[in-house]
Amino acid sequence: MGYEQEKINPYHEGEKASQVEQMFDHIAPAYDKLNHRLSWEIDKGWRKKAIRHLQPFRPRLLLDIATGTGDFAILAARMLKPDKLIGADISEGMMEIGRQKVKAEGLEQTIRFEKEDCLHLSYEDETFDAVTAAFGIRNFADLDQGLREMCRVLKRGGHLSIVELTTPVGFPMKQLFYIYSHTFLPAYGRLISKDTSAYSYLTKTIEAFPQGEWMTEILKKAGFKDATFKRLTFGICTMYFATK
């Protein structure tokens, strides 16, 4: 286990992917409502910014990793108009809600969901024009391995776009976010989702996840080049862009 993974994983080494899967299956019905309310709806704007970065490249085949209930996939399908978009996730409970949303949007011909272990993707090398991930890769049991897989299935010259929650670095947002994430966020999350651990888990993964220059170095180590980042909303969210 590399130094990055020791830092990222807030649990003991015995933490299994199945535990994460069960947790997300459990909170799936409340997931969208919680995400939008806890971010004051700002998360929708973060997703749009990440997708706009891909518009000049006009990707035709996309893979959305850790797609959850498909918010990012649906928005990407609307804005990028690809031929096909695959949303991959470990949680069938989350993806089933995504399938319902895709059907309601009339996007069944464009988007499909597939259960995948994001550390061992079933797709062939250099399959996708673009790979995206929104608020999911911090849950990887092994970030290095997950990023290597994302790089492997991306075509040479293809683009990676990631949106992830991060901790602000400047005063006073750093202190305010700490209070918010350790008090209101887990309490409200427990109230709505009826899960005693999910939103405590969220706080731990945000705090442990590598940020900024550190994350771009990890992306380069995984095989990407031209890795850059941009902090949004005082550093509560960070976008990462890279090319294979």
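Figure 1. R58 sits in the loop that links α3 to β1 (61–65), where helices (H or I, at least four residues) and strands (E, at least two) are DSSP runs numbered from the N terminus. Although R58 is not a glycine, its phi is positive at about 45 degrees, and R58 is exposed, with a relative accessible area of 65%; here buried means under 20% relative accessible area, exposed over 50%, and partly exposed in between (1.4 Å probe, protein chains only). E126, in the loop between β3 and β4, is likewise a residue other than glycine with a positive phi, near 50 degrees, and at 35% relative accessibility E126 counts as partly exposed. The model is predicted, so that local features need pLDDT of at least 70 and side-chain atom pairs count only at pLDDT 80 or more, whereas totals for chains, interfaces and linings use all residues. Residues are numbered from 1 along each chain as its sequence is written, and side-chain values use heavy atoms, with hydrogens and water left out.

**Figure 2. The open, mixed sheet of seven strands.** The strands follow the order β3-β2-β1-β4-β5-β7-β6 in an open sheet with mixed pairing, two strands being counted as paired if DSSP finds at least two bridges between them. Because β3 (111–115) and β6 (225–232) stand at the edges with a single partner strand each, one side of each is left without a neighbour in the sheet. From one strand to the next the twist averages 15 degrees. Strands β4 (residues 128–134) and β5 (residues 154–165) run parallel and are joined by six bridges; F128 has L154 of β5 as its bridge partner.

**Figure 3. Helix α9 against the sheet.** Helix α9 (residues 212–221) lies across β5, β6 and β7 (237–243), and runs at about 150 degrees to β6; axes are lines fitted to C-alpha atoms, for helices over the stretch in contact (heavy atoms within 4.5 Å), and angles run from 0 to 180 degrees between N-to-C directions. G212, M215, T216, I218 and L219 are the buried residues of α9. Seen down the helix axis, these buried residues fall within an arc of 155 degrees and therefore line one face of α9, the arc being that of the directions from the helix axis to the C-beta atoms. E213 and K221, on the other side of α9, are exposed, and just after the helix G223 takes a positive phi of about 120 degrees.

**Figure 4. Helices α5 and α3.** Helix α5 (residues 92–105) lies across β2 (84–89) and β3, with its direction at about 170 degrees to that of β3. In helix α3 (residues 42–52), the buried residues include D43, W46, R47, A50 and I51. These residues cover an arc of only 135 degrees around the axis, which puts them on the same side of α3.

**Figure 5. The cis peptide bond between F171 and P172.** F171 and P172 are joined by a cis peptide bond, with omega about 5 degrees. F171 is found in the loop between β5 and α7 (173–193), and P172 is found in the loop between β5 and α7 as well. F171 is exposed, with a relative accessible area of 72%. F171 and F234, 63 residues apart in sequence, are 9.7 Å apart in space, C-alpha to C-alpha.
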